[in-house]
Amino acid sequence: MFICHIALGGCLTAPTVNYGVTEDTGGHIAYILGAARAQAARSDVDAVQIVTRAFDEPTLGAVHAQTDQQVGRGLSIRRLWTGQRGYLSKENLAAEIPALVEAFLEDLAQAKRLPDVIHAHFSDAAQLALAARERFGIPVIYTPHSLALSKSGAVVDGARVEAERRTLVDADAVVLSSRDEAEVQVAAYGPGAQARVHRVSPGVSLRRPAKIGAGRALLAGTLDGPDRPMLLAVARPVARKNLATLARVYADSPELQARANLVILAGQHGDALQANPEARAELGKLREILETSDLRGKVAFPPRHTQGDVAALYEAAAQSGGVFVNLALHEPFGLTMLEAASHGLPVVATQEGGPADIVADLGHGICVPPRDREAIEAALLSLLDDRVRWSDASEAGRTHVGRYDWSKWAEEVQLICEDICHAVPLEGARVMLASDIDNTLTGCAPSAALFNAWITRDRPIFAVATGRSLPEARRILRDWNLPMPRVFITSVGTEVYLPNDQGRLCLDERFARKLDAGWERNRVERALMAFGFNWQARVEQRRWKLSGFGDMRTARRLERYLARRDVAAQVVASHDRLIDVLPLAAGKGAAVCAAARRLGMPMERVVVAGDSGNDFDMLQAVQDGPGRGILVGNAMDGLRDRLGGGRLYQARAAHAAGVLEGLETFGLAINTMEPPVKMVAQ
C-alpha cells in the first residue's frame, strides 16, 4: 500500500524539527512524522509520502525549498511549489489553497503511481485530498488535530468551522486521538459529523537526552538553586495554552517558590515567531509577570531550545523530583503528557480535552480546571510534598506509557485503510445479524476468531447494536480483532449509522427525526438532576442518551419518578450498575427494525444476539415476531427468566461461541468450536 499524508502549515522536515520556530510548527508535525515512520516500517506498506508546501525562507532552513527529501527507507517528503514562494503563516495560507490544490492534482497526474489512501491533516490539507478523490477516486482519511469548536471560549472563525464540518462529513474516515475529541468536540458539528470517526491513540517518541547535564546547561546562570525540583511547561505561546495562568500561580505562591523552580519553554523567541500578534502578546504577558515579581533566580524562560534540550529538561525535571504542567484551556490530545510519562515525570494537567483521558489511563498525575488557581497550586504542592504520591505517579507513567505506541497506531489505521479501500457490497446477503459487542462477541478470543471467519466466509449484513458510542464501538472491535460492521446501532439504540450510495457511513436522519419528535432533553435532564441521578462522565452523555450509575432497583425507582412528573423517557438498566435514559421511540429493538427497513431486509431474515439488560427490547422484539434471537450462555440481568420460547434461542456456550451456536441451530453457520457441543433448541 502507498500512503500519502498532507500537512501544509509550519516547517515540516526530518529528522530534526525546530519546534516553535513559527507559531504553527507544533505537535501535529511530531504526530505526522511518528505516524509516517511507523507506517513505512510495515511489511504491507510499500511507500509513505508526506506532502507539504515548499517555500524559500533561508532563515527557516534551506531544506524547505527542496522539492524531494528522502527521510528513510520507504519514507519521503514532497513539497509543492506555487506562485507564493515565501513562508506563509496559517492566517495567510488560506488564500493559497486553490493554487496548492492545482499543484497537487498536477503532481498526481504526472506520478508513476497514485497513492492508495490520502491522510489529510487539518481542513486546509483536506481540500487537496478531497479534490484528489473527486478526480482520481483515492479514499481520504482526515485528522483535524485542533477543532475550532473546542469549548475553549475562544472566538471562532466561521469559515474554518464550516470547512471542518464539511470535511468531517465528506471524508471516508476520520482518525482522532482522545474520547473528548472523538465524541464531545465532534458532536458540536452536528449529529452527522461522527459517522466516520475512529479513535486511535497515537504513540510517543521516547527520545533520551545524550546527557542529563544538557538540560541544566540550558538554564545555566538563571537559577540560584538549580538542584531544586523543577516545574516544567513546554508549549507554544498562544492564549489557548494558558501559560500566563501558570506564571501567575507561581508568582502568587510563596509556598511554590520555596519548594521549586519554574521553567517555561514557550517556543523560539525569534523574529519569525514574534511577528505573530498573538504570540507577541502572550510572551509579553509572561515577561510582565515573571520580571515584575520577585522571582529572580527562581524562574527560567529560555528564548531558544532544541529537541535535545526538551528531552534533557524532561529528564532533569524528573531527576529533581519536579512536575510537568500543562494548563491548556483546551487540549485536543496532549502528546506532552506522554513525553513526560516516558521520563517518569508526574504531571498536573488540564481537565479539558485529551489530557484527562491520558492521565486517567496512565495514572501519572492530577487533572485540574485550567482557570482555577487554587486547585492548580494545591495539585502542584501535593505532588511536591507527598513523595510517595510523586513516586507512584512517576512509576505509573514509565510503566504504562508503552500503551501509546506508533506501531500499534499504524496497525489500527492500516485496518481502517483496508476497510475504506475494499468495502464489501451489501447486495446479495441472505441474512442480517445485529449483535451486541461487550460480553456477547467479546470475552473469548478463539470464538471471536471463529466468528470473524464466519463473517468473512458467509458475508451477511453484519450490524452491531451496542451501548457504546460509535468511536468506542470501533475501538473495542479492533481490540478484539473482530470484523468491522457495515451497520452501527450505537448508544443503546439511539443512533443508527448506515452506508450511503458511495458506501460511506452516515447517520440515519429519518430515525433521528423520529427520536427528536418526542424527546425534551433539557426537561429530562432537569428531572434527573432533581432525582439525584448519579451521572456518568460527560463523554458518555449523547444527544438522545443520558447515562448514569445505578442498579435495577434504582432504575425502577427512577422510572416511577419520571412517570409521576409526566416526563416522556424510558429507563434502561444493564450490568447491574449502568442506567441509560432514552427517548420512548429509541432502543436497540426499534433501531434494528429501522435499519432493516432502510436496507430492504425482511425481518424474517434478521437475527439479533445479546447478553444484558440493554439488549432486552431487541431480544423481546423477535421472541414472538418474524425475526430470530440468540441469548448467549453468559447472559445476565435476569434475561433468562425474563425471556423464553418463541423464536429466541438460549445458547449454552458463552460469548461469540454462543452466537455461533445459535446461528448453527438456525442453519446459518457451522460451529467448529472444540470440543463439539450438542445443539438443542429450546
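## Terms and basis of the model

On a 1 Å grid over the protein atoms alone, a pocket is an open set of points with protein on both sides within 12 Å along at least five of seven lines, whereas a cavity is a set of points where a 1.4 Å probe fits but cannot get out; lining residues have an atom within 4 Å of a point. Grid points are joined across faces, edges and corners, and a volume is the space filled by probe spheres set on the points.

The model is predicted: local features need pLDDT of at least 70 and side-chain atom pairs count only at pLDDT 80 or more, while totals for chains, interfaces and linings use all residues. Residues are numbered from 1 along each chain as its sequence is written, and side-chain values use heavy atoms, with hydrogens and water left out.

## The second largest pocket

The second largest pocket has a volume of about 980 Å³. Its lining comprises 38 residues, and those nearest the centre are Asp419, His422, Val424, Met484 and Arg486. By class, the lining holds 20 nonpolar, seven polar and 11 charged residues (Ala, Val, Leu, Ile, Met, Phe, Trp, Tyr, Cys and Pro count as nonpolar, Asp, Glu, Lys and Arg as charged, and the others, Gly among them, as polar).

Helix H17 (406-421), helix H18 (445-458), strand S16 (461-465) and helix H19 (470-479) each contribute at least two lining residues; helices (H or I, at least four residues) and strands (E, at least two) are DSSP runs, numbered from the N terminus. The largest share, six residues, comes from H17.

## The cavity and an aromatic pair

One cavity of 30 Å³ or more is found in a search of the whole structure. The largest cavity holds about 70 Å³ of space. Its lining residues include Ala233, Lys241, Leu246 and Phe324, and the lining divides into eight nonpolar, two polar and one charged.

Aromatic pairs number 11, where rings of Phe, Tyr and Trp (its six-membered ring) pair if their centres lie within 6.5 Å, and planes under 30 degrees apart count as stacked, over 60 as edge-to-face and the rest as tilted. The ring centres of Tyr314 and Phe324 lie 5.5 Å apart with the planes at 45°, so this pair is tilted. It links distant parts of the chain, with Tyr314 in helix H12 (residues 307-319) and Phe324 in strand S12, 10 residues apart.

## The eight-stranded sheet

Eight strands form an open sheet with mixed pairing, in the order S3-S4-S2-S1-S5-S6-S7-S8; two strands pair if DSSP finds at least two bridges between them. Strand S3 (68-72) and strand S8 (197-199) are the edge strands, each pairing on one side only. From one strand to the next, the twist averages 25° (axes are lines fitted to C-alpha atoms, for helices over the stretch in contact, and angles run from 0 to 180 degrees between N-to-C directions).

Strand S5 (residues 117-121) and strand S6 (residues 140-143) run parallel and are joined by four bridges; His121 has Thr143 in S6 as its bridge partner. Helix H3 (residues 97-110) packs on the sheet, touching strand S1 (2-6), strand S2 (47-53), strand S4 (75-80) and S5, and its direction makes about 130° with that of S4. Contact means heavy atoms within 4.5 Å.

## Backbone exceptions

Most residues other than glycine have a negative phi, and most peptide bonds are trans. A cis peptide bond, with omega about 5°, joins Ala14 and Pro15; Pro15 is in the loop between S1 and helix H1 (27-40). His145, a residue other than glycine, has a positive phi near 70° and is in the loop between S6 and helix H5 (158-170).
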